[in-house]
Amino acid sequence: MKFIEDNNKSILGDFSWDKKYPYKKYERATTDKGQRTYDVEGKKIPSVTTILSATKPKESQESLQKWRDRVGAEEARKITQAAALRGTEMHYVIEQYMNGVGYLNLTPQGDLSRRMAHTIIKNLEPLKVIYGNEVSLAYKDLYAGATDLVGEHSGEPTIIDFKQANKPKKAEWIDDYFYQIAAYALAHEDSFGPINKGVICVCTKDLYYQQFDMNKSMLDEYKDKWLKKVDQYFKSNS
């Protein structure tokens, strides 16, 4: 995939669509308790992020609370909300480019998100084939979610997720990202076809790009750990 800018127009090239799998779209909802679910064949299934949040280690929860206490509840809310809006807009820009649809948000927030999207796309040259974007996936009525993209990265069937960040990440800080990729890979393999690789593309608001790759061995390791989290979630909610 190449990002082509010509005469003030930006388009994507050097990739193709292969809609080889009959992906479905699952509707998302939020419960009264703030938990995200997906409607899968008439059943309300917990989301990947809901399970991750409910099974988060105590030290991670305490660390988050310390940050909120340090910056103040209102400031923490503003930072979290701004990051969420920036991430949503960035994802939408990338999705529209891949669908060949023009989109331009001229607000300051829209401009930053667009430049973050451009930064990610410029680093996706190894992506040559797209099976689907914003792909809904579910696993045995246990969990569901939506991954940003499924396709062939460096010739391998791959789950790809796009992330925005306020500052650069270290691999030891993003366990949840690895769990997400593993959860999606497991669901994809159960319903559609093999996944040999995971790619997490991170862009900060300062346009710093990072990429974290998961090979088959790492995927298998996190699949096992993810299923333990799923088991923990259902045992604590039974």
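**View 1. Strands β8 and β9 sit side by side in this predicted model.** Start with strand β8, which covers residues 143–153, and strand β9, which covers residues 156–165. The two pair in the antiparallel sense, and 5 bridges join them. To find your place, look for Leu149, which stands opposite Ile160 in β9.

**View 2. The pair belongs to an open sheet of 6 strands.** Reading across the sheet, the order is β3-β7-β8-β9-β10-β11, and the pairing is mixed. At the edges are β3 (16–17) and β11 (209–214), each of which pairs on one side only.

**View 3. Strand β7 pairs with β3 and with β8.** With β3 the pairing is parallel and has 2 bridges; here Ser16 has Val129 of β7 as its bridge partner. With β8 the pairing is antiparallel and runs over 10 bridges. One spot to look for is Ser136, which stands opposite Ala146 in β8. Of the 13 residues of β7, 11 are buried, so this strand is largely enclosed by the rest of the structure.

View 4. Most residues other than glycine have a negative phi. You will find Lys140 in the loop between β7 and β8, a hairpin with 3 residues between the strands. With a relative accessibility of 31%, Leu207 counts as partly exposed.

**View 5. Helices α5 and α6 lie across strands of the sheet.** Helix α5 (residues 175–191) lies across β7 (127–139), β8, β9, β10 (197–204) and β11, and runs at about 145° to β9. Helix α6 (residues 216–236) lies across β7, β8, β10 and β11, and runs at about 85° to β11.

**View 6. Helices α5 and α6 pack against each other.** Their axes are 8 Å apart and meet at an angle of about 90°, which makes α5 roughly perpendicular to α6. On the α5 side, the residues making the contact include Phe178, Tyr179, Ile181, Leu186 and Glu189. From α6 come, among them, Met218, Leu219, Tyr222, Trp226 and Lys229. Sorted by class, the contact of α5 with α6 has 12 nonpolar and 5 charged residues, with no polar ones.

**View 7. His188 is a buried residue of helix α5.** The relative accessibility of His188 is 0%, so this residue counts as buried.

**View 8. Cys201 and Cys203 are in no disulfide.** The count of disulfides in the model is 0. For Cys201, the nearest cysteine sulfur is that of Cys203, 10 Å away, whereas a disulfide needs the two sulfur atoms within 2.5 Å. Looking from Cys203, the nearest cysteine sulfur is that of Cys201. Are these cysteines buried or exposed? Cys201 is buried, with a relative accessible area of 0%, and Cys203 counts as buried at 0% relative accessibility.

Key. Residues are numbered from 1 along each chain as its sequence is written. This is a predicted model: local features need pLDDT of at least 70, side-chain atom pairs count only at pLDDT 80 or more; totals for chains, interfaces and linings use all residues. Side-chain values use heavy atoms; hydrogens and water are left out. Two strands pair if DSSP finds at least two bridges between them. Helices (H or I, at least four residues) and strands (E, at least two) are DSSP runs, numbered from the N terminus. Contact means heavy atoms within 4.5 Å. Axes are lines fitted to C-alpha atoms, for helices over the stretch in contact, and angles run from 0 to 180 degrees between N-to-C directions. Buried means under 20% relative accessible area, exposed over 50%, partly exposed in between (1.4 Å probe, protein chains only). Angles under 35 degrees count as roughly parallel, over 145 as roughly antiparallel, 65 to 115 as roughly perpendicular and the rest as oblique. Ala, Val, Leu, Ile, Met, Phe, Trp, Tyr, Cys and Pro count as nonpolar, Asp, Glu, Lys and Arg as charged, and the others, Gly among them, as polar.
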